Amino acid sequence: VITLKDCAVKIAVVGTGYVGLVTGTCLAESGNDVICVDNNEKKVQTLNEGRLPIYEPGLLELVQRNRKEARLSFTTDLQSAVRQSRLTFIAVGTPQSDDGDADLSAVWAVAKAIALALKDVPPGPPGSRVVVVKSTVPVGTNARVAQILAENGCPHVDAASNPEFLKEGAAIDDFMKPDRVVVGVRKPEVAEALRELYTPFLRTERPFLAMTPESSEMTKYVANAMLATKISFINEMANLCDKLSADINDVRRGIGHDQRIGFQFLFPGPGYGGSCFPKDIRAILGMGRKVGQPLGMMQAVDDVNEAQKQVLFQKVRAHFGDDLKGKTVAVWGLAFKPRTDDVREAPALVLIDSLLAHGAAVRVHDPEAMENVRATYGDKLIYCDQPYGTLEGADALAIVTEWQHFRTPDFEVMRRLLRTPVIFDGRNIYDQKVMDQFGFTYYAIGRGKRK
Ligand code: NAD
């Protein structure tokens, strides 16, 4: 007898961004039939032509293979995709709204569209049709999605929460080998349906954790709150090191060997960016505000980060003075982190804005994110295909994203190309001794003044 457990599941994934596209592709890779839906026609067209609308290492090959083997397809037709599917994932964006809270309009719109698509489908047993919210959403969203389904003729369709913990730049590995899978459910049958789906990804005894939707939604925010806290913490300590002539890099080593502390996520830098931490910290602040719970630490994490995004520019200003007219600054790295083309809330953009506002010319290079920056900045910047070419005639180099190939460049060539050998290193990737040897004036984050 073939049970549901032995069958490939038909799945719809609504929203084909960094999360939806990776989710859909990895679920197809494990043998399911997946239809990815997006209301952005251009994205769907690009995907149907076998190309990707985003850069994520390893993703193109997986998309192409699963399309070829007919397990993965792309459409703008939500209704048809949802009607064919046992599970429908919602992976649309939940950006920050003007008041700081998460903007859930896309989630509500999709929940309603799913209900309208399923309202005349005959009800099955519990867990036979499930809407799974993968987007990061405030506590209570799942309950509201269940209500929207019920109000629009689908009381028989279950809602579940399943937050995503992948990192851009390592998204496939994170999805394929998650540290854990968290689901928020009200019925054991729904938990079972999701456990079956994720079993192929949990073969190394990683846990499948079922809880209420409220706890599951909260888990995602608490994870990001902890990670953002670590970054703001080490940045604050780095700034103090700078003033006291201590080197945060040595301090970091000094604390990291303490197993209660560890080394992960304690690298100082130009502030966190990206499409998650900034908005998720503000959303958690919003949740606290709504229930009258003060969140002093979260406010501080956000404040420290906003200030940290100015630190590189402050170093530029301390070196060159206020007026940067006639100066040219080269910027290496635009994406909010390496191995992605995502520039949402990227610290590089904050630096670039300040440089432009003070009259500097800005030459930029990033191996993947240049087109996304060009879409906003147009001809305000000089775009350079090669890292070395970016330095030609520049008065200084600022490093904002630590792409791997920036780590061991030819310093001799760099010094020759730069008009003056000045480096502002937002990621502490170079050794002070090497910088001295090659005659660079070198500013890093939290490494103290040179003796
Ligand atoms: P994204 O902006 O890259 O993608 C969202 C997609 O949804 C877009 O392609 C958009 O066209 C589509 N969309 C919007 N409204 C739609 C609608 N009504 N119908 C169909 N499609 C619609 O966003 P993302 O980075 O993939 O993030 C999605 C969610 O996952 C967010 O809640 C985010 O917080 C969360 N998340 C993101 C990451 C990450 O690293 N990017 C990691 C974990 C969780």
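Helix H11 (residues 277–290) packs against helix H12 (residues 296–308) at an angle of about 150°, and their axes are 10 Å apart. That makes H11 roughly antiparallel to H12, a label given to angles over 145 degrees. Here axes are lines fitted to C-alpha atoms over the stretch in contact, with angles running from 0 to 180 degrees between N-to-C directions. Helices are DSSP runs (H or I, at least four residues) numbered from the N terminus. H11 contributes Ile281, Arg282, Ile284 and Leu285 to the contact, and H12 contributes Met298, Gln299, Val301 and Asp302; contact requires C-beta atoms, placed from the backbone, within 7 Å. By class, these residues divide into 5 nonpolar, 1 polar and 2 charged.

The model is predicted: local features need pLDDT of at least 70, side-chain atom pairs count only at pLDDT 80 or more, and totals for chains, interfaces and linings use all residues. Residues are numbered from 1 along each chain as its sequence is written.

Turning to the ligand, 26 residues lie around it, of which Gly15, Gly17, Val19, Ser135 and Thr136 come nearest (a residue is near if its C-beta atom, placed from the backbone, lies within 6 Å). Helix H1 (18–29) and helix H5 (105–118) are the elements that give two or more residues to this shell.

Finally, Ala191 sits in helix H8 (residues 188–198). Ala191 is partly exposed because 19 other C-beta atoms lie within 10 Å, where 20 or more would count as buried and 12 or fewer as exposed. Leaving aside residues up to four places away in sequence, Ala191 touches Val183, Val185 and Ala210.

Definitions and conventions. Two residues are in contact if their C-beta atoms, placed from the backbone, lie within 7 Å. Angles under 35 degrees count as roughly parallel, over 145 as roughly antiparallel, 65 to 115 as roughly perpendicular and the rest as oblique. Ala, Val, Leu, Ile, Met, Phe, Trp, Tyr, Cys and Pro count as nonpolar, Asp, Glu, Lys and Arg as charged, and the others, Gly among them, as polar.
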